[in-house]
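Please read this note beside the sequence and the model. It is meant for a colleague who has not seen the structure before.

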Amino acid sequence: MNGLAGYAVCELNSRGRRYDEPAPAGRSEFQRDRDRIVHSTAFRRLEYKTQVFVNHEGDLFRTRLTHSIEVAQITRTVARALALNEDLAESIALAHDLGHTPFGHAGQSALNACMRPYGGFEHNLQSLRTVEVLEEHYARFDGLNLMYETREGILKHCSPANAAALGVLGERFLKHTQPCLEAQLANLADEIAYNNHDIDDGLRSGLITLEQLRAVDVFSAERAQVEAMYPGVSGRRLIHETIRRMINLMVLDLIEQTRTNIRAHGVITLDDVHAAPQLVAYSEGLFPRLRELKTFLRENLYHHYQVLRMTDKAKRIVGDLFDAFHGDPRLLPPQYQARAKGDTPRAIADYIAGMTDRYAMREHRRLFAVGEIH
Ligand code: MG
């Protein structure tokens with residue numbers, strides 16, 4: 001009818017929005033979700049947040065904004081091939097990193113350590129909190145009032161304690177059931193995007209080399225094809241031709257294996273999806289090759305001493321900021337002071353998580369560098 005598979009999420013089988021709103025004119029409910037995410041404040045901040053490289057290190061590296069757009073591109077391709085809800089899948093992809101702290105994983109683990117006595121800090125949960133509570137866009141409600149399935153997809157992981165506090169949305173983590181296919185898909189598209197762009201950024205930065213990548217089968221096999229087809233090709237063209245083939249390999253494998261899994265489990269409806277094991281998956285042939293790639297990136301890029309020096313600094317900045325605000329909440333900007341009257345540590349975590357890399361560095365200077373008052 002609408003061109004979607006029976007197991008796709010659609011407006012008819014959706015659990016809808018928390019606050020009733022009139023149906024949108026000229027677009028679907030899930031298109032409206034995507035549009036709300038694109039217009040949100042947290043989405044714009046992604047431009048100045050990073051995963052591996054700090055934002056000011058170079059103009060050519062990925063930021064969380066370009067990463068999210070790459071995830072959305074891959075997600076849409078697979079969603080369309082599998083007749084899933086492309087608008088929903090795209091919404092989840094664009095929103096998946098909204099709750100990320102400045103300085104990528106280093107910032108997240110530092111903030112989690114600071115928040116340990118106060119319920120911890122999980123970036124997936126913070127992405128959900130951003131679209132449910134923190135965005136101030138609409139007169140009638142806090143957050144963006146997104147469709148249930150969009151919120152379900154944003155909440156990729158969650159601890160059992162936090163899941164229990166979330167009600168219906170947290171149930172699947174306690175019952176170990178699966179989210180919709182669009183959510184499963186955005187999750188793996190995230191991984192395809194960063195595994196590939198981290199190779200590109202890693203090579204560009206000089207922290208890893210083409211020579212080292214000879215040891216990674218999934219890279220060297222695609223590279224050999226490029227060199228056979230274009231003898232003498234080198235530099236950026238060799239890297240890009242190889243990476244585009246790797247992305248293609250992973251995407252096609254994902255589509256094929258997911259189709260096979262859907263058939264094998266006799267999945268016909270959305271309820272079947274929830275009851276089945278995870279259906280969006282790589283083939284058994286590709287999986288170990290991807291694991292090898294991830295191990296390579298962890299050992300050679302994420303744990304490179306220059307990256308570790310940067311993440312160490314980032315952790316110190318986040319820790320210092322938290323301690324200063326926690327020691328004296330009057331140092332917070334007025335709107336966060338008002339929030340801090342309810343739950344001070346959570347208001348501080350919200351403030352820090354919302355910072356971009358450069359804002360966090362500036363705020364650290366304002367609090368700790370002796371200089372003019374500003
Ligand atoms: Mg991501």
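1. Basis. The model is predicted, so local features are taken at pLDDT of at least 70 and side-chain atom pairs at pLDDT 80 or more, while totals for chains, interfaces and linings use all residues. Residues are numbered from 1 along each chain as its sequence is written, and side-chain values use heavy atoms, with hydrogens and water left out.

2. Domains. The protein chain has a domain 1 (29-307) and a domain 2 (308-368); these bounds come from an automatic or database domain assignment. Taken over C-alpha atoms, the centres of domain 1 and domain 2 are 26 Å apart. Contact, meaning heavy atoms within 4.5 Å, joins 36 residues of domain 1 to 25 residues of domain 2.

3. Area between the domains. About 2700 Å² is buried between domain 1 and domain 2, and carbon and sulfur atoms give 64% of it. Buried area here is the accessible area (1.4 Å probe) that two parts lose on being put together, summed over both. Of the area that domain 1 buries against domain 2, Tyr48, Phe103 and Tyr118 supply 21%, more than any other three residues.

4. Phe103. This residue is found in the loop between H4 and H5. Helices (H or I, at least four residues) are DSSP runs, numbered from the N terminus. Phe103 is not a glycine, yet has a positive phi of about 65°. At 5% relative accessibility, Phe103 counts as buried; the word means under 20% relative accessible area, with exposed over 50% and partly exposed in between (1.4 Å probe, protein chains only).

5. Magnesium site. Which residues hold the protein donors of the magnesium ion? They are His67 (NE2), His96 (NE2) and Asp190 (OD), at 2.1 to 2.3 Å from the ion. The spacing of these donor residues in sequence is H-x28-H-x93-D. His67 belongs to helix H3 (residues 64-81) and His96 to the loop between helix H4 (86-95) and helix H5 (104-115), so the pair ties together parts 29 residues apart in sequence. Both histidines are buried, His67 at 1% relative accessibility and His96 at 6%. Donors are N, O and S atoms within 2.8 Å of the metal (3.2 Å for Na, K and Ca), and water is not among the atoms, so sites may look incomplete.

6. Helix H1. Seven of the 10 residues of H1 (residues 29-38) are buried, so the helix is largely enclosed by the rest of the structure. Among the buried residues of H1 are Phe30, Arg32, Arg34 and Ile37. The buried residues of H1 pack against helix H2 (41-45), H4 and helix H7 (148-154).

7. Helix H17. In H17 (residues 344-354), 10 of the 11 residues are buried, so this helix is also largely enclosed by the rest of the structure. The buried residues include Pro345, Arg346, Asp350 and Tyr351. Their cover includes H2, H5, helix H6 (123-134), helix H15 (305-327), helix H16 (334-340) and helix H18 (357-368).

8. Aromatic rings. The whole structure holds five aromatic pairs. Rings of Phe, Tyr and Trp (its six-membered ring) pair if their centres lie within 6.5 Å; planes under 30 degrees apart count as stacked, over 60 as edge-to-face and the rest as tilted. In the pair Tyr138 and Phe141, the ring centres are 5.3 Å apart and the planes are at 35°, so the pair is tilted. Tyr138 is partly exposed, at 30%, whereas Phe141 is buried, at 7%. One aromatic cluster is made up of Phe325, Tyr336, Tyr351 and Tyr359.

9. Charges over rings. Arg366 has its charged end over the ring of Tyr359, 5.6 Å from the centre. Arg15 lies over the face of Tyr148, 4.6 Å from the ring centre. A charge sits over a ring if NZ of Lys or CZ of Arg is within 6 Å of the ring centre and within 35 degrees of the ring normal.

10. Glu152. Glu152 is buried, at 6% relative accessibility.

Note on methods:
Helices (H or I, at least four residues) and strands (E, at least two) are DSSP runs, numbered from the N terminus.
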